[in-house]
Amino acid sequence: MDDHNFGTRNKRGDWAPNGHIEVAPFWAWPPKLMTVLKWLPEYVWPWNAIHMATALLYWFYVVPDVAVMKTLSWGWPLWLYAVNAGAIFVFYGSVELLFYVKRKQGNRFKYNAKFPGEQPSDVFWFKSQNIDNFLRSFFISIPLWTLVEVLFLWVFANGWVPWLSWADNPYYLAFLVAVAPMIHEVHFFFIHRLIHWGPLYRWIHSVHHNSVNPSPWSSLSMHPVEGFLYHAVAFWHLVIPSNPIVAMFQLHIAGFGAVNGHIGFDKLEITEETPIDTHAYAHYLHHKYFEVNYGGDGLIPLDKWFGTWHDGTKDGDVQMQARFQKKKERMNAKAARANS
Ligand SMILES: [Zn+2]
Ligand SMILES: [Zn+2]
């Protein structure tokens with residue numbers, strides 16, 4: 001598939017999509033019903049459908065009996081960790097293998113012309129982004145993901161929070177499933193914005209941002225504080241009346257869904273004729289410019305409301321530069337006051 005029909009490549013070989021990143025159409029005013037209806041399948045397929053499928057597979061084949069989960073022990077949490085690690089190894093690993101190791105589509109639709117493997121750097125363990133990101137994912141973030149999972153299952157199993165049944169609350173629980181990606185977006189935006197605050201950034205979030213040119217292994221490469229807060233989104237289902245399957249779906253949107261923003265390609269050519277959209281561009285721009293797009297790609301357009309949205313166009317660039325310039329002036333004025 002020819003990526004020139006969909007975007008442009010600059011002198012460095014970096015590719016950028018045409019058009020602009022659009023926020024979800026239900027924010028349009030006046031409302032455009034047809035556009036919303038056309039957008040719905042894209043909301044469900046393929047990413048949220050995959051997260052729901054894995055949540056159900058976990059619930060029916062992985063999660064132990066409620067009686068077992070009433071008591072904390074080592075056995076069942078270690079089992080859950082093994083499954084989480086195995087699943088991420090296969091899910092992220094297959095994207096990494098096909099598109100970064102075998103490079104099956106070369107750099108077609110790739111935002112950054114370079115591959116992380118070609119750029120050794122001192123900021124990474126063993127000077128390798130791939131090894132560093134891999135180790136942090138499997139030995140820091142996935143254990144913390146598992147910790148969150150174990151805690152909410154344990155709380156549900158003991159009946160300390162409401163466990164709504166599908167038979168009695170089908171509409172309410174279906175609604176919760178439908179809005180879970182939005183809960184994710186809001187949770188992620190605020191914890192992410194928080195750890196971009198200077199001191200917290202240096203202590204916590206800089207680890208994730210070492211990967212300026214992210215690949216799938218970068219997705220869960222996080223400092224432990226971020227690794228825990230990020231997955232703790234599932235705890236909202238202990239606060240609002242819910243069901244553990246919905247909480248599991250919420251957790252999988254975080255754990256498995258983290259790859260979305262870090263794929264590095266705009267489209268993955270599963271076959272030449274059937275590419276899938278990755279929705280990775282907004283978060284790619286975040287890794288490139290740091291202080292834009294703290295949220296996802298506009299499902300809940302918090303970045304628009306807070307003035308940090310970059311829609312991937314020249315105009316988005318101009319607005320961002322103006323904001324950076326203002327910030328610089330503010331900092332200079334502050335420094336001048338402190339010195340006088
Ligand atoms: Zn990221
Ligand atoms: Zn960030």
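Modeller: Residues are numbered from 1 along each chain as its sequence is written, while chains are lettered from A and ligands numbered from 1 in the order in which they are written. In this predicted model, local features need pLDDT of at least 70 and side-chain atom pairs count only at pLDDT 80 or more, whereas totals for chains, interfaces and linings use all residues.

Biologist: How many helices and strands does the chain have?

Modeller: Elements are DSSP runs numbered from the N terminus, with helices being H or I of at least four residues and strands being E of at least two. On that basis the secondary structure comes to 13 helices and four strands.

Biologist: What is the radius of gyration of the chain?

Modeller: The radius is taken over C-alpha atoms, and the globule rule is 2.2 Å times the number of residues to the power 0.38. For 340 residues that rule gives 20 Å, and the value for the chain is close to it, so the chain is as compact as a globular protein of that length. The radius of gyration is 21 Å.

Biologist: What distance separates the centres of domain 1 and domain 2?

Modeller: The bounds, which come from an automatic or database domain assignment, are 41-300 for domain 1 and 310-340 for domain 2. Taken over C-alpha atoms, the separation of the two centres is 32 Å.

Biologist: Are helices α6 and α10 roughly parallel or roughly antiparallel?

Modeller: Axes are lines fitted to C-alpha atoms, for helices over the stretch in contact, and angles run from 0 to 180 degrees between N-to-C directions. Helix α6 (residues 170-194) and helix α10 (residues 244-255) have axes 10 Å apart at an angle of about 25°. Angles under 35 degrees count as roughly parallel, over 145 as roughly antiparallel, 65 to 115 as roughly perpendicular and the rest as oblique. The angle therefore makes α6 and α10 roughly parallel.

Biologist: In which loop is Pro30 found?

Modeller: The peptide bond from Trp29 to Pro30 is cis, with omega near 0°. Most peptide bonds are trans. Pro30 is found in the loop between β2 (15-17) and α1 (33-44).

Biologist: Where is Pro46 found?

Modeller: The bond from Trp45 to Pro46 is cis, with omega near -5°. Pro46 is in the loop between α1 and α2 (47-62).

Biologist: What is the phi of Phe290?

Modeller: Phe290 lies in the loop between α11 (281-289) and α12 (302-306). Most residues other than glycine have a negative phi. Phe290 has a positive phi, near 65°.
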